[in-house]
Amino acid sequence: MMKRLLLFFSILCLSSSALSGQGQEKEKWTEKIDVSRFPHRDSVRRELETIPAFGIYKDNYFVTGTNFQGGGINKDNSDAKFQVSIMHRLIKGILPHEMYVFLTYSQRSFWDIYKKSAPFAETVYNPSLGVGNNIVLNDHVVGVLLFQVEHESNGRDSIWNRSVNKVSFTALYSVNRNLNLQFKVWVPFWTAKENKDISRYAGYWHVAANYQTPNRRFSFSGVYTKRGGWDLNANFMLEAAFRLTKKSNQYLCVQYYNGYGESLLDYKAFSGYIRVGIVIKPQHGFSIY
């Protein structure tokens, strides 16, 4: 795993060099990657200036499933989970150095849909303010860098309060038109006293990969989130999705989560849920985590 991470960091470093205009590094990369298949920076600039102010940020989904605790499937070990996530571009056009400013809002809910009266177990709110910049190789966009200030909480008080603020950095890099790699690291601050140790369970960084088949009908994703400590303990999420039609961004999916920190309220509780449902992905097909 450490070798893979070192390789990924090397890719990001080379990409950053390309962004800053170091010609020799660009030549080395263009020998390995056919960047002509990626969008040209001018077309991306025009798209950013004309796209609607609101769009999809993370995946929007509705899934339901069980953790099989206690044996069979029942109302106590099964639930529904859904997420709504949008992005708003604050300034029309591009700032100097091709940067752009945006707001995001994600809401993740856990719904005890099979219990009497179907109560919501928890809803997690995650707004952010961010600045983005493209990774450019030989005038073609092959990735993006995001710097964000985020807030995450469940909107409760007293002993049920869970809240954390964090500064995060995300790098997304397209190895080719089918494979996308991601790395995100965050530094928490102003954490609620009820969850001071949340990073021990929810982690400080993650790596992720998205793969789409050449015909764009199947999508496979994985997220590895390193928990606190120096060992290899981690949370991970796996997803397989099938695109309903060639022109839609709606997918039937199977998701599996294994680890801690899936919800804020029970961040210390281990979760091993497998869920199925429908997911709406960004139009380009690659998800952000």
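How do the residues of the lining of the second largest pocket divide into nonpolar, polar and charged? They divide into 6 nonpolar, 6 polar and 9 charged residues. This report describes a predicted model, and the values in it are computed from that model.

## The second largest pocket

The volume of the second largest pocket is about 420 Å³. Its lining consists of 21 residues, and those closest to the pocket centre are Asp79, Phe110, Ser263, Asp266 and Tyr273. Two elements each give two or more residues to this lining, namely strand E3 (78-89) and strand E5 (120-137).

## Cavities

The count of cavities of 30 Å³ or more comes to 2. The largest cavity has a volume of about 850 Å³. It is lined by 36 residues, of which Lys58, Arg108, Tyr257, Gly261 and Tyr289 are the closest to its centre. By class, the lining of the largest cavity holds 15 nonpolar, 10 polar and 11 charged residues. Strand E11 (residues 234-243) provides the largest share of that lining, with 4 residues.

## Strand pairing

Strand E11 also takes part in a hairpin with E12, in which 6 residues lie between the two strands. E11 and strand E12 (residues 250-258) run antiparallel and are joined by 8 bridges. Within this pairing, Ala241 stands opposite Cys253 of E12. Cys253 in turn stands opposite Gly277 in E13, and E12 and E13 are antiparallel strands joined by 7 bridges.

| Strands | Bridges | Residues facing each other |
|---|---|---|
| E11 and E12 | 8 bridges | Ala241 and Cys253 |
| E12 and E13 | 7 bridges | Cys253 and Gly277 |

## Aromatic rings and charges over them

The count of aromatic pairs comes to 14. One of them is formed by Phe183 and Trp205: the ring centres are 6.3 Å apart and the planes stand at 40°, so the pair is tilted.

Are Phe183 and Trp205 buried or partly exposed? Phe183 has a relative accessibility of 8% and so counts as buried. Trp205, at 21%, counts as partly exposed; the reason is that buried means under 20% relative accessible area.

Ring pairs also link Phe62, Phe82, Trp111 and Phe120 into a cluster.

Charged side chains are placed over rings in two further cases. Lys166 lies over the face of Trp186, 5.2 Å from the ring centre. The charged end of Lys281 sits over the ring of Tyr251, at 5.8 Å from the centre of that ring.

## Loop residues

The loop between strand E4 (99-111) and E5 contains Ser117, and Ala118 lies in the loop between E4 and E5 as well. Ser117 has a phi near 75°, which is a positive value in a residue other than glycine. Ala118 is likewise not a glycine, and its phi is positive at about 50°. With a relative accessibility of 69%, Ser117 counts as exposed, whereas Ala118 is partly exposed, with a relative accessible area of 22%.

Arg156 and Glu122 are 34 residues apart along the chain, and their C-alpha atoms are separated by 9.3 Å.

Methods:
Residues numbered from 1 in each chain as written. Predicted model: local features only at pLDDT ≥ 70, side-chain atom pairs only at ≥ 80, totals over all residues. Heavy atoms only, no water. 1 Å grid on protein atoms, 1.4 Å probe; cavity = no way out; pocket = protein on both sides within 12 Å on 5 of 7 lines; lining within 4 Å. Points joined across faces, edges and corners; volume = space filled by probe spheres on them. Nonpolar A, V, L, I, M, F, W, Y, C, P; charged D, E, K, R; others polar. Phe/Tyr/Trp six-rings, centres within 6.5 Å; stacked < 30°, edge-to-face > 60°. Buried < 20%, exposed > 50% of the residue type's maximum accessible area, 1.4 Å probe, protein only. Lys NZ or Arg CZ within 6 Å of the ring centre and 35° of its normal. Pairing = 2+ DSSP bridges.
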